[in-house]
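Trainee: Could you take one part of this model and walk me through it closely? I would like to hear where it sits and what surrounds it.

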Amino acid sequence: MYDITVIMPAHNEGKYIRESIESIIGQTFGFNRLQLILADDASTDDTLKIMKEYESKYSNIKVITFEEKTGSAGKPRNEAIKCADGKYLMFIDADDLYELDACEKMYNCIEEKHTDFVTANSIDMNEEKQKYEKPFIDLEKYPSQYIEISSIKDDVLPMTCSACFKIFSTEFVKRNNLKFLEGCPAEDSYFSYSSLIAAKKCYYNSDIIYNYRRRYSEGNLSISTNFSFEYFEKINYAYNKIYEKFRENGFIKYYRAYYLNSVMYVLFNLIDSNKISNDEKIDVLKMIRWLIKLCEELNIKIKEVEDNSGVIALMSFVINEDYQKARDLLDEISRKRSCMTKEEDDEQKSQLKKRIKESF
């Protein structure tokens, strides 16, 4: 048995996958203590060729393949878990990088804390591997700490949706039959929060162990930034499954902060999308009305929220099924946002979430 199984799904990541694999081979933990499972999701570039090259060099690298594209990292990860021989599981995307001491820090932490899983911190980098100034999770606001489902009642952090900067007990995952959603975005969000719901004990380690590559060029869009009509169908499905997971386990009172992140995420993606027609925008609004309307069940008083972005008014139009006004407002908000800088965009979203949380 290996100490850790690292799982890496990939679809057409030939440009980056060598760097990602090398960040695992170079771990201070010792690569001989790791099992690396590479899952090729029907790539049409040289991704599989590179995987096979590494498999031929190292006995602890295993390649699994899919003849037809599965649509997300969910199924490749689920199938890889079945092949895992490690005491613990870690996940990495094929365009990202581990810090070289990531496995060592995560292994030592989960062994010391005796938890079902440990979640950690990450930092964004651009395509040239230049790191951003601030980590994903504020180091001063969120020190290392034990976390539980009740800790996300008003704030999802330091718990995160990503499975990639976490380490899980393999026995815990298999005993609870924890799975990623398949063929849709937010598949790791479902897995992460299913893990939090099932866990007896978990821990947040504030160390930065993961480098997340931000990719913005038009020809390089990931499934989570490709705002097509199909994308909205699939993320609507995923959010419904996540809501059901909270509800069926009796944890709706802890769902509000996750709900807020979800509804803001899907609405801003819809506002920013230029890949769907006006008629499709109305269809999407009808599709996600159930999600927007959950604010009433969750006692989030959006009518009391002061907002100059137009998003609160948009939510009210959808709840009242006034879709024509909602679509017109979508276009108006989109025009205003097209003139904003990234910093202004981040600030607008941050302030809106802050004001909504004050209505909790």
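Mentor: Lysine 336 has its place in helix α12, residues 323–337 (helices, H or I of at least four residues, are DSSP runs numbered from the N terminus). This is a predicted model, in which local features need pLDDT of at least 70 and side-chain atom pairs count only at pLDDT 80 or more, while totals for chains, interfaces and linings use all residues. Residues are numbered from 1 along each chain as its sequence is written, and side-chain values use heavy atoms, with hydrogens and water left out.

With a relative accessible area of 49%, lysine 336 is partly exposed (buried is under 20%, exposed over 50%, partly exposed in between, with a 1.4 Å probe and protein chains only). Its C-alpha atom is 8.8 Å from that of serine 309, a residue 27 places away along the chain.

The helix that carries lysine 336, α12, is also part of the cover over α11: the buried residues there are covered by elements including α8 (256–272), α9, α10 (289–297), α12 and α13 (342–357). Helix α11 spans residues 311–319, and seven of its nine residues are buried, so the rest of the structure largely encloses it. Those buried positions are Val311, Ile312, Leu314, Met315, Ser316, Val318 and Ile319. After α11 comes glutamate 321, with a positive phi near 60 degrees.

The axes of α9 (residues 278–287) and α7 (residues 229–248) come within 10 Å and cross at roughly 0 degrees (axes are lines fitted to C-alpha atoms over the stretch in contact, with angles from 0 to 180 degrees between N-to-C directions). That makes α7 roughly parallel to α9, a label for angles under 35 degrees. From α7, the contact uses Phe229, Phe232, Glu233 and Asn236, and from α9 it uses Glu280, Asp283, Val284 and Met287 (contact means heavy atoms within 4.5 Å). By class, four of these residues are nonpolar, one is polar and three are charged (Ala, Val, Leu, Ile, Met, Phe, Trp, Tyr, Cys and Pro count as nonpolar, Asp, Glu, Lys and Arg as charged, and the others, Gly among them, as polar).

Finally, a stop at α6: serine 189 is found in this helix and counts as buried, at 2% relative accessibility. Neighbours within four places in sequence aside, serine 189 is in contact with Cys161, Ile242 and Tyr258.

Technical notes:
Helices (H or I, at least four residues) and strands (E, at least two) are DSSP runs, numbered from the N terminus. Angles under 35 degrees count as roughly parallel, over 145 as roughly antiparallel, 65 to 115 as roughly perpendicular and the rest as oblique.
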